[in-house]
Amino acid sequence: VWTNSDAIFAVGDDRMLVFDENGENTGTLAYGDQNLYSVKYDDKGNIAVCRTDLGGAKTYITVYNKDGTKACEKTFVGTVTDMDIDKNRFAVLKGGTITVYDLEGEEKETITTESNATQLLFKSGKCYTVESGKICKY
């Protein structure tokens, strides 16, 4: 469960529920045949939910604004390595590439990493990755 002043997000194994400040259910994201992979949120109250197909053929990232309304949903071929959200943008790490999007899902920047990164931290507009045992800043 994660909350801000406008919404409550309850994330479970098979769905995420969104409630307004009065406790009324305002939305549901059912995962269906997808597996929950990761959930990230930023200090503005936005949240990103990442799910994968059972076979890993596709990855889905759904982003919600701080008021609980869906901002966008992106589909990626294959498995996403990691993702993070910060200051009304979200970043997706896939192989040796980081792609930064605004909350509407429009691509804003593409970054090539030094090697295949395994983790991503996106803070203050900068991307930090773990690559070959070291931390890199982009």
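# Close-up views of a predicted model

The structure holds seven salt bridges, a salt bridge being a side-chain nitrogen of Lys or Arg within 4 Å of a carboxyl oxygen of Asp or Glu. This is a predicted model, in which local features need pLDDT of at least 70 and side-chain atom pairs count only at pLDDT 80 or more, while totals for chains, interfaces and linings use all residues. Residues are numbered from 1 along each chain as its sequence is written, and side-chain values use heavy atoms, with hydrogens and water left out.

**View 1. A salt bridge between two loops, K66 with D6.** The closest N and O atoms of K66 and D6 are 3.9 Å apart. K66 lies in the loop between β7 and β8, and D6 in the loop between β1 and β2 (7-11), so the pair ties together parts that are 60 residues apart in sequence. Strands here are DSSP runs (E, at least two residues), numbered from the N terminus. K66 is partly exposed, at 40% relative accessible area, and D6 is also partly exposed, at 25%. For these labels, buried means under 20% relative accessible area, exposed over 50%, and partly exposed in between (1.4 Å probe, protein chains only).

**View 2. The open sheet β1-β2-β3-β4.** Here are four strands in an open sheet with antiparallel pairing; two strands pair if DSSP finds at least two bridges between them. β1 (2-3) and β4 (25-30) stand at the edges with a single partner strand each, so one side of each has no neighbour in the sheet. Look next at β3 (residues 15-20), which pairs with β4 in the antiparallel sense over five bridges. Within that pairing, F19 has N25 in β4 as its bridge partner. R15 forms a salt bridge with D14, and their closest N and O atoms are 3.0 Å apart. R15 counts as partly exposed at 38% relative accessibility, and D14 is partly exposed at 43%.

**View 3. The open sheet β5-β6-β7-β8.** This open sheet of four strands also has antiparallel pairing. Its edges are β5 (34-41) and β8, each with a single partner strand, so one side of each is left without a neighbour in the sheet. From one strand to the next, the twist averages 15°, with axes taken as lines fitted to C-alpha atoms and angles running from 0 to 180 degrees between N-to-C directions. β5 and β6 pair in the antiparallel sense over seven bridges, and L36 stands opposite R51 in β6. β7 and β8 pair in the antiparallel sense over seven bridges. Their hairpin has five residues between the strands, and there G68 takes a positive phi near 95°.

**View 4. R51 and E73 across two strands.** E73 and R51 form a salt bridge whose closest N and O atoms are 3.1 Å apart. E73 belongs to strand β8 and R51 to strand β6, so the pair ties together parts that are 22 residues apart in sequence.

**View 5. The surroundings of T59.** T59 has its place in strand β7 and is buried, with a relative accessible area of 0%. Its bridge partner in β8 is F76. A polar atom of the T59 side chain lies 2.7 Å from the backbone oxygen of G78. Not counting residues up to four places away in sequence, T59 touches C50, R51, T52, K74, T75, F76, G78, T79 and V80; contact means heavy atoms within 4.5 Å.

**View 6. The largest nonpolar core.** This core has 13 residues, and I61, V63, F90 and V92 have the most contacts inside it. A nonpolar core is a set of buried Ala, Val, Leu, Ile, Met, Phe, Trp, Tyr and Cys residues joined through side-chain atoms within 4.5 Å. Two or more residues each come from β6 (47-53), β7 (58-64), β8 (70-77), β9 (82-86) and β10 (89-94). Apart from this core lies another, of ten residues, among them A7, Y31, I47 and V49. In soluble globular proteins, nonpolar side chains tend to be buried together.

**View 7. V63 and its neighbours.** Leaving out residues up to four places away in sequence, V63 touches I47, A48, T69, K70, A71, C72, I85, F90 and L103.

**View 8. A salt-bridge network.** Salt bridges link D102, E106 and K108 in a network.

Terms used. Polar contact = N/O pair within 3.5 Å; in protein donor to acceptor, adjacent residues only side chain to side chain.
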